[in-house]
Amino acid sequence: MTNNVDTAKLKYKNPVNAFINPYLLNMDLICANAGEAMNGARKKAIENFNINGIYNRENDKYKHFDIQNIFSYDYEKYFVPNAFQTDNDMFICDIYDLISYKIFLQNGFYTDKNEKLTVLDNGVIYGSLAEASVKYPEIFKKYYNQIADGKNEGLVAMNTAFAQDGVFVFLPQNAILDKPVQITNILLGESNSMVQYRNLFIVEPNAKANILICNNTFSDSKFLANCINETFVANNARLEVVRLQNEHNNSCHFSFTHVKQENGSVYTDNTITLNGGVVCNNMETTLAGEHCENHTFGLFLADRSQYVANYTAVNHASPHCTSNELFKGILDDMATGIFKGKIHVSPHADKTAAFQANNNILLSDASRMFTRPQLEIYADDVKCSHGVTVGRLDEEALFYMRSRGMEYRQAQLLQLFGFAYDIISKISAESLRDSIADMVEKRLKGELSQCIGCTYQCKK
Amino acid sequence: MLQIKNLHASIGGKEILKGVNLLINAGEIHAIMGPNGSGKSTLAAILTGKPGYEVTDGEVLFNGDDLLAMSPEERSHKGLFLSFQYPVEIPGVSNVNFMKAALNEHRKYKGLEPLSASEFLKLMREKMALVEIDSKLTSRSVNEGFSGGEKKRNEIFQMAMLEPKLSILDETDSGLDIDALRIVANGVNMLKRPDTSTIVITHYQRLLNYIVPDIIHVLYNGKIVKTAGKELALELEEKGYDWLKIDDSANMDAKE
């Protein structure tokens with residue numbers, strides 16, 4: 001299916017060509033099932049990708065790790081979905097019991113385990129992105145690729161150029177989703193694989209939805225995922241997205257979340273990173289309407305040689321909006337964490353209230369955290385704040401707990417969990433909050449480590 | 001219960017305790033008084049195993065066991081409790097979870113099953129009533145945003161939950177108004193059993209009106225310079241500590 005011959009020849013000299021050629025050779029397969037809006041965006045995106053490459057040198061996002069190296073491996077690329085694994089054991093996880101509309105993606109393709117498209121009584125549509133792009137061209141014309149800008153971001157351009165499928169969620173005016181849409185992304189395969197998928201979430205005026213995205217790996221090959229979430233939240237609509245990242249430590253995950261909010265809308269984004277070799281989350285929000293509320297939260301737990309980066313950009317383009325960002329990290333062993341948070345307040349965006357905080361705990365001498373707030377304020381009448389801490393566990397508190405009979409390890413866990421719960425508590429659905437709290441606790445105890453791809457090579 | 005023999009201790013190379021001897025029998029209440037910087041809090045810290053202190057000489061026996069060889073949690077399991085002078089705030093850890101973890105560790109040590117959620121809540125409500133703690137405080141983070149009085153009451157509440165054999169109250173009266181002082185003292189008195197002992201560390205005689213000691217010691221410059229009955233507190237209140245210092249001029253020179 002793939003053409004690895006070209007890749008092998010070119011991979012060290014020019015990763016851009018190496019990556020792009022197999023796709024170009026399979027353009028007919030890539031375009032086969034997608035609608036006009038998706039296919040129409042590809043040409044320009046390929047041009048943008050050619051200009052930017054995998055990353056733009058002016059873009060200092062990737063300066064702390066070797067992104068070229070990640071992309072220089074041979075990855076198998078899928079242009080038609082491989083057979084869906086029907087092994088149900090795979091889906092036994094704490095989150096699986098959640099009452100939700102379940103969708104499974106395997107290697108970026110919408111699987112035949114799901115209905116292609118589901119239309120609920122209240123007009124809510126969810127299902128395959130490719131299928132929806134054929135069936136609802138007018139919606140796609142209005143929204144698809146409107147805010148995911150590949151001009152300066154090579155990976156976004158690459159996704160736009162070659163993504164074939166993903167999830168589409170559409171809520172018409174006044175619709176309320178009675179339970180969350182739960183998207184489980186499964187990465188699976190015998191050989192190293194590269195996947196690209198794309199989600200499009202549209203919440204029309206006064207509608208309300210919760211979406212949960214779980215990213216998992218089910219085989220120990222090397223995976224590289226490059227995905228985009230394009231999200232539109234219309235007037236007075238509410239959307240909450242929880243992202244749970246639990247891929248093995250030999251996988252790399254790049255995600256780009258682009259959000260546009262209109263008047264009076266509320267959007268909450270919560271990214272919980274438990275495992276993953278290289279995880280790079282990008283969140284870009286534009287508060288286009290007035291009186292918007294944006295909450296962007298993140299928690300990452302990294303150990304061994306994990307690398308977790310969170311880049312956020314909140315663009316206050318209109319007056320009277322509030323944004324609130326909180327990211328927390330716990331780093332152990334040789335793990336590296338990065339946070340870069342940008343807040344941009346446009347000249348006329350008066351009465352803006354923008355808050356940002358990033359707190360981190362380093363548990364080892366070799367773990368590292370790079371953090372950088374970046375505020376650009378061009379309006380006068382605003383309230384903005386930012387704060388960053390990088391510290392250790394509180395020794396006084398540890399002694400206090402031990403003096404009450406707790407063992408050192410337990411005191412440490414309780415303190416770390418307390419630190420992390422600050423983020424978990426922001427999840428509005430109680431059952432989801434409880435199961436994520438449970439997973440975070442297990443992760444802190446070391447019971448949820450991904451043995452697959454671990455560099456320690458200990459016996460399981 | 002507790003036997004301290006010739007205890008010498010230092011912090012950062014500076015000698016704080018210079019040979020403390022103390023014997024506390026089961027059922028007794030001892031008060032340790034003394035001016036600022038005399039070593040009272042250091043003594044409490046060493047007894048509970050706070051890191052950073054170095055014992056250079058002497059030994060401490062707690063019900064016959066070598067106390068100084070134990071970890072802080074082991075000391076707690078064996079029945080030692082310190083009511084902190086400055087209770088520590090632990091953001092994100094609720095009072096309930098904190099107390100449940102602590103209590104179940106104690107039960108594990110005694111070979112008992114952990115309490116069920118309902119049993120635990122029942123016990124907790126019972127003990128909270130003892131020190132008149134607002135039930136709202138239980139779901140809040142440990143000591144975070146508590147007033148001075150609430151923090152000290154929370155300490156006595158923890159003591160009530162863990163039922164220690166020997167309690168050390170380190171300046172439990174500091175920062176308390178009269179009403180809070182009475183509540184805290186009442187709590188301590190109600191928890192008192194014939195087989196448990198208490199060490200009250202304080203600057204002032206006031207607390208000792210409520211918690212009446214059997215014996216009062218004056219710790220001065222790292223040594224116990226006077227031991228007497230409860231009437232000593234009144235004498236100290238009247239005369240201050242200066243008259244004791246004269247007896248101990250040699251130590252004073254050493255300090256300077």
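How many bridges join strand β11 (residues 215-220) of chain B to β12(B)? The views below show a predicted model, in which local features need pLDDT of at least 70, side-chain atom pairs count only at pLDDT 80 or more, and totals for chains, interfaces and linings use all residues. Residues are numbered from 1 along each chain as its sequence is written, while chains are lettered from A and ligands numbered from 1 in the order in which they are written.

**View 1. Strands β11 and β12 of chain B.** The two strands run antiparallel and are joined by 5 bridges. B:Val218 has B:Lys226 of β12(B) as its bridge partner. Strands (E, at least two residues) and helices (H or I, at least four) are DSSP runs, numbered from the N terminus.

**View 2. The open sheet of chain B.** Its 6 strands follow the order β6-β9-β10-β3-β11-β12, with mixed pairing; two strands pair if DSSP finds at least two bridges between them. At the edges are β6 (80-83) and β12 (223-228) of chain B, each pairing on one side only. From one strand to the next, the twist averages 20 degrees.

**View 3. Helix α5 (residues 148-162) of chain B on the sheet.** This helix lies across β6 and β9 (166-170) of chain B and runs at about 170 degrees to β6(B). Axes are lines fitted to C-alpha atoms, for helices over the stretch in contact, and angles run from 0 to 180 degrees between N-to-C directions.

**View 4. The contact of chain B with chain A.** Chain B contributes 21 residues and chain A 17 residues; residues are in contact if their C-beta atoms, placed from the backbone, lie within 7 Å. On the side of chain B that touches chain A, α3(B) gives the most, with 5 residues.

Notes. Two residues are in contact if their C-beta atoms, placed from the backbone, lie within 7 Å.
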